[in-house]
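Thank you all for making time this morning.

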Amino acid sequence: QVQLVESGGGLVQAGGSLRLSCASSGRISGIATMGWYRQAPGKQREMIATITSGATTTYADSVKGRFTISRDNGKNTVNLQMNSLKPEDTAVYYCSLRYLRTYWGQGTQVTVSS
């Protein structure tokens with residue numbers, strides 16, 4: 001059984017920074033691809049960043065150069081450092097783990113005020 005628990009969301013002014021963390025349980029955490037997605041009101045969930053077990057990363061064009069994903073396999077955590085935040089980054093952010101299927105966390109709200 002895989003469980004994902006996010007933390008670190010909140011309210012920040014435009015131009016500010018936040019760091020999201022996701023703690024995962026389960027034996028497959030270290031070999032799975034993990035990532036962050038977000039969903040704004042009235043919009044579909046979109047991929048923000050992913051990182052494979054070998055630390056290969058992928059980013060959405062909208063966050064390249066501003067967001068950095070990292071993982072610590074020893075601690076079964078994945079982090080998302082978000083800098084230069086914009087109001088359009090406001091959304092619920094979800095941690096994901098993909099191995100044969102996709103698992104989701106409960107989500108954490110990020111609100112960027114202008």
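Let me begin with burial, where buried means under 20% relative accessible area, exposed means over 50%, and partly exposed is whatever falls in between, using a 1.4 Å probe and protein chains only. This is a predicted model, in which local features need pLDDT of at least 70 and side-chain atom pairs count only at pLDDT 80 or more, while totals for chains, interfaces and linings use all residues. Residues are numbered from 1 along each chain as its sequence is written, and side-chain values use heavy atoms, with hydrogens and water left out.

With that in place, R38 and D89 are both buried, and they form a salt bridge whose closest N and O atoms are 2.9 Å apart; the term requires a side-chain nitrogen of Lys or Arg within 4 Å of a carboxyl oxygen of Asp or Glu. R38 sits in strand β4 and D89 in the loop between β8 and β9, 51 residues apart; strands here are DSSP runs of E with at least two residues, numbered from the N terminus. D89 also forms a salt bridge with R66, at 2.8 Å between the closest N and O atoms. Because R66 lies in the loop between β6 (57-59) and β7, this second pair ties together parts that are 23 residues apart in sequence. R66, too, is buried, and a network of salt bridges links R38, E46, R66 and D89. In all, the count comes to four salt bridges, among them the one between K64 and D61, at 3.2 Å.

Turning to the core, what is the size of the largest nonpolar core, and which residues have the most contacts inside it? It has 28 residues, and W36, L80, M82 and Y93 have the most contacts, where a core is a set of buried Ala, Val, Leu, Ile, Met, Phe, Trp, Tyr and Cys residues joined through side-chain atoms within 4.5 Å. Strand β9 gives the largest share, four residues.

Finally, the rings. R45 lies over the face of Y94, 3.7 Å from the ring centre, and the charged end of R101 sits over the ring of Y103, at 4.0 Å from its centre; the criterion is NZ of Lys or CZ of Arg within 6 Å of the ring centre and within 35 degrees of the ring normal. As for Y37, it counts as buried because its relative accessibility is 18%, whereas W104, at 37%, is partly exposed.
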